[in-house]
Amino acid sequence: MTLKIVCGPAGSGKTERALQAYLDAADRGGDPILIAPSVPDARHFQRQLLRRRQVLAARQATTLGNLARDIFRRAGFEVPVLGEIERKLLLRSVVDNTEKLQFLKGSSAYPGFMDSLARLIAELQGACIAPQELAREAVGILEDRLNNDLFRIYNNYRVALSEQQVTDAELAQCQAVESLLDDPSLLEHGAVIMDGFSDLTPIEHSLVSALAQAADEVLLTIPFEEGVPATASVGRSFAELLEAGDCERLVAPDDDRRPPALTHLDRRLFGGPGERVAAKGSVRLLEGAGTRGEATLVAAEILKLYRRGTPLDGIAVVCRSLGPGAVAMERAFLDMGIPCELNAPVALADTPLGQTLTALLDFLGMGLADDGGAAADGALKGDVCRSLLGYLRSSLPVADTDQVDLFARETGRLQAEGADELLEAWGRLGGRRLNEVEDIREAARNGLSKLGAELYRLAVRLVSAGIARSDRLAAGDPGSRESDLRALEMVRQVCDEAGDINDVDVGPAAALELLRSGLVAASLFPTAGRLRNCVRILDPHRVLNQEFAVVFICGLLEGQFPVMGSEEPFMTDNDRARLAEKGLALQGKADRLDDERFLFYRALTRARETVYLSYPYCSSEGREQVRSLFVEEVLELVEVEPADIRQLKIVDVAFPPAEAPSVPQALRSLCLEAGTRRAREGKLDEAALRELEAAAGSPDLAGALDRCVTAAQPRPVVIDAAEVRAQFEQMSEFHVTTLEQYGKCPFQYLVNKHMSPAPMELDDFVRERGTVAHRVLARFIPRVSSHVDICDADEEQLEAMKGTMEQLIDEELEERRLADSVDGKLMALTLKRHLRDFIEREHQCSSEFRPESTEFPFEHIRLGEDMTLSGRIDRIDWLPESEYALVIDYKTGTKANNWRKFQEEMQLQIPLYMYALGLSGMRPVGGEYYALLSGERRGIYLEKHAGELGGKLNRNDLASPEEFEQVIGQALETARSLAAGIRSLHFEAAPIERACEYCGFATICRRPQAGGGKVYD
């Protein structure tokens, strides 16, 4: 065996030794080949070789898998090698045709089963474990039924490979190893140089041993050093080769230029608590609020470093996976003008095109019926809604944004409906006909090949339209267009691979799931290294053999880095450990932690000057998150000064002006300060503006600030038409509900009541449901009260009352021509359920007051010299043989407020109704809001009448006579003020708190906070 191993820690010169060995072999005419762990790593080695020699052989660097495939082909094997989606397709056919499955029969129909099974089969093949060996050794470890099922599936898969005259990647490697051992001439290279490997699968170990027997020279470098805890797992992985080969051990040279704290971490990390050394700025912590906050903080630090002289290509940002966190980093960098490059595979499903297509396949797979029944057993209807919205909300031009927003509000109440109902609602709201949905559904019924072709055609249309739209709007970023094109090419590969198999019959649901799995499993491999002078965004696997002045290790949260994942569904970690004792090497969770530790160590050791440990200390909603145990391991060895811990809190909308990292950020900070001053002082005078401009520090920024402040000045609503002004000024009769609406937001009142825009569908539904409920109750109470008191009714009478209530609901919906519509059916379901509950609550009520009047009208109640009040009381309960009355106002919601919030929430109905009732000769002793959906009853009650009103009143709702009169008096004064405001045409957008939450006029409102939920004044 000619295997030579060079091992050593980071910075010991392993890669330099490998490159020199390659060049020496080339000089001797040995036709060497350099083997890297991945394609991007191979490209990196090619660039390093080209720096040393201007001309080299075209195939001087490759991967171990590619080398095995070359040997496989030279050995005369001509059978195709299955891709991942083809493997899953074949496995689906195997599972469907395997008889007598017991343990796995039920779960095999669920989405995700095939992904887990494909991983297990690949792992077994890669570990060179035959079906009979697995079944024999798993006796007593796996449950018998599971063991039998796995044997049948695995064995039938091997048989199917033979019958289909194909193989898979792992089996092809096994055959390449056997062929190479039989015929060493199959290896065309005299020297094999392997660098960058931290682990090998069992079959890869066998391949290295076979190469060592066939080649004149095999050199393997290993990032391992005795006594360095972080590399211990690497040593265990290569223990067999270390014993068999000639080993040269390198040590890292002393480097006085590297901070002592980083050197200390290299030697001691993961070795447990030990001596702590001062970081002295070489280790820093960044704590952001949410993923976006963390990304903004990292971008700001990079700008600081660049301005202090650190070149951008000397900075690396390491993310454990290039998913949403890395995408947020890229966006934050671009927002601040920082050039960057992603140097690691990006999941196709994380690209705009991938997200769009997987959302569409999810919608089809979960929600639409196929020829064989439901598309996906047990799929949640809410998931169907979210999938369709995910498709419609694509950043590619799928649908109009405003139309999708309208539909999203509609789906808020249609989540109990199926896919066809959702598509019907989309069309009813004016959305374009989604022909592609039916096209892809039909293609799925005709096989995987047709489905792949149709999906690729849709992808081409989406990307073409997206590029055209970007060009037309002059807003297209060439980088994003190139990313879309690379994503399109990957979609083509997945769809082509799906189309290569035509003789395996699967149903539409399985075809959709298989193609979706192919898209989710696919990754984009960018052409790394094209850009110069830019920040590199990498994952820990791609920092191999590179050094940077500064390294940011981001997303350091428990569950994100380290990524532990969950146990595989077929075999627990305990099962795997017991199988390993019998010689079946399958990775468990403990091994994964060792792997994650090494990845963190690898990223940490790439820094020559400074390491930033970054994580979001809370989620975007403010929930606290647990930082990674790796951060704690570092802090056990180094002491970080408080000044080196930077936090961007969730309340920090912008950086302080003096710390703003970019011109746009500085302008945002200054505008925020200007707004704060104006809110605090009521104005922003010239002196304050000049002070802010001075803080801006640049004439351009000062001018931009001036324009922003000018544009943000309040603009009053001005109505100049004389006839309109006269109409408002002559108003004299004001309805109570009108005054409430005006008090909550004058602008919304003006638009709703006098401009009469086309109503929103959701608002129509809510308003219509409330109207139906009020009308039904107005008819129900007089009808049943004339026969029997609800409180005294027996069970038979209660059931009759419930029948009457349901009959009235049906009649009302018929009269309003809603009975056969989707809205009407939904109203009927909800109202019948809640109003049946209403009858039960009335029956159990302990109040001595009894319902007497409904829809009680009043008018001409004097408010001022020429202003009167009118209204209609939903219900009045009377105390028999007395003059006392209780006012009730129905609310078709779940929340009711007590009297202490009447003024704050601008709820005038109860106090004004009690005032009007008092003028009619009755004596109101209380008033309440009755929430029909929840049954909550809150309001104001005279404390001395609490016993007559029932024993379940909330004590906070009780009031003394003085407080009772004060509430009514305040409501009268407020009503007078509001009526005067309407007559004087005061229609500013100045809502009370939470008034914007459900407002449909945010797009035309001049108030910045409108439509954004809670209002901050």
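## Helix α13 and the sheet

Helix α13 (residues 290-307) lies across strands β8, β9 (315-319), β13 (535-538), β14 (548-554), β15 and β17, and it runs at about 140° to β8. Helix α14 (residues 324-335) also packs on the sheet, where it touches β9, β10, β13 and β14; the direction of α14 makes about 165° with that of β13. Contact means heavy atoms within 4.5 Å. Helices (H or I, at least four residues) and strands (E, at least two) are DSSP runs numbered from the N terminus. Axes are lines fitted to C-alpha atoms, for helices over the stretch in contact, and angles run from 0 to 180 degrees between N-to-C directions.

The model is predicted: local features need pLDDT of at least 70, side-chain atom pairs count only at pLDDT 80 or more, and totals for chains, interfaces and linings use all residues. Residues are numbered from 1 along each chain as its sequence is written, and side-chain values use heavy atoms, with hydrogens and water left out.

## Strand order and pairing

The sheet is open and has seven strands, in the order β10-β13-β9-β14-β15-β8-β17, with parallel pairing. Its edge strands, β10 (340-342) and β17 (645-648), each pair on one side only. On average, neighbouring strands are turned by 20° against each other, direction ignored.

Two strands pair if DSSP finds at least two bridges between them. Strands β8 (residues 283-289) and β15 (residues 607-618) pair in the parallel sense over seven bridges. In β15, Tyr615 stands opposite Glu287.

## The β13-β14 loop

Asp539 lies in the loop between β13 and β14. Asp539 counts as buried because its relative accessibility is 10%, buried being under 20% relative accessible area with a 1.4 Å probe and protein chains only. A polar atom of the Asp539 side chain lies 3.0 Å from the backbone nitrogen of His541.

## Aromatic pairs

Rings of Phe, Tyr and Trp (its six-membered ring) pair if their centres lie within 6.5 Å; planes under 30 degrees apart count as stacked, over 60 as edge-to-face and the rest as tilted. The count comes to 16 aromatic pairs. One of them, Phe113 with Phe570, is edge-to-face, at 5.7 Å centre to centre and 80° between the planes. This pair links distant parts of the chain, 457 residues apart: Phe113 is in helix α5 (residues 113-126), and Phe570 is in the loop between β14 and α23 (573-581). Both Phe113 and Phe570 are buried.

Phe270, Phe561, Phe600 and Phe630 form one aromatic cluster.

Notes:
Buried < 20%, exposed > 50% of the residue type's maximum accessible area, 1.4 Å probe, protein only. Polar contact = N/O pair within 3.5 Å; in protein donor to acceptor, adjacent residues only side chain to side chain.
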